Amino acid sequence: MPRRSILLFAGACIALAAAVAVSAIVLVNGRGDPASPSRQIGSSGQPDVGGPFQLVNQDGQPVDQTLLNGRWSLVFFGFTYCPDYCPTTLQMLEATKRALGDRADEIQIVFISVDPERDTPQALKDYLSSDGFPEGVIGLTGTPAQVRAAADAYRAVYQKVGEGEAYTMNHSLTIYLMGPDGRLRSALGHDLGPERSARVIEQAMAAG
């Protein structure tokens, strides 16, 4: 094969591999996945992530996407019966806010349940008041159709696994850093750690 053709073929393979890596979604089956790689995606790579939603918060008040306006937001999807990914992510975000120092007040954390069958507003309120979780986390739930629409807007995936009271939920692990305009700035891997997460957030804030 001529050298030019080899180079073009290699370039195409690299581009395809990069596209697959960016679009890959890691799932959990009720458990965290510490082996999953950290992922950071700039808003230029995912301009269509986020969008309209209609949900209710842990106080039963209806909210929509304007909840994100005017503040930096860390949005992620989970459920209150999650045995480790969701609680460890909340604890990591608490440590991230501490690492941000004075800038932590500019960040709000939004936890969207993918388990509307069990996660009523009161269940979210009780869960998010647990020791070790950040103060002021906004919990959101809704009807199954409303939750599905919100997840679709964020390209998040989830699936019910099992039957009866013991069922669990598969769900994607991405934490979405949204700017004050409600648009994606970066996607943080759940295993990125508080110090590195804080640096990503600070860089995004500096860029505006």
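Which residues line the second largest pocket?

## Second largest pocket

In this predicted model, the lining of the second largest pocket is made up of R71, E94, K97, I107, Q108, I109, P134, E135, G136, V137 and I138. Two elements, helix 2 (85-100) and strand 5 (107-113), each give two or more residues to this lining. Strand 5 supplies the largest share, with three residues.

The volume of the second largest pocket is about 170 Å³. By residue class, its lining comprises five nonpolar, two polar and four charged residues.

Seven strands form an open sheet with mixed pairing, in the order 3-2-6-5-4-9-10. From one strand to the next, the twist averages 30 degrees.

Within this sheet, strand 2 (residues 54-57) and strand 6 (residues 138-141) are paired in the antiparallel sense over two bridges. Opposite V56 stands T141 of strand 6.

Helix 2, which contributes to the pocket lining, lies across strand 4 (72-78), strand 5 and strand 9 (175-178). Its direction runs at about 165 degrees to strand 4.

Helix 5 (residues 194-207) also packs on the sheet, where it touches strand 4, strand 5, strand 9 and strand 10.

Key: Residues numbered from 1 in each chain as written. Predicted model: local features only at pLDDT ≥ 70, side-chain atom pairs only at ≥ 80, totals over all residues. Heavy atoms only, no water. 1 Å grid on protein atoms, 1.4 Å probe; cavity = no way out; pocket = protein on both sides within 12 Å on 5 of 7 lines; lining within 4 Å. Points joined across faces, edges and corners; volume = space filled by probe spheres on them. Helix = DSSP H or I, 4+ residues; strand = E, 2+ residues; numbered from the N terminus. Nonpolar A, V, L, I, M, F, W, Y, C, P; charged D, E, K, R; others polar. Pairing = 2+ DSSP bridges. Axes fitted to C-alpha atoms, helices over the stretch in contact; angles between N-to-C directions. Contact = heavy atoms within 4.5 Å.
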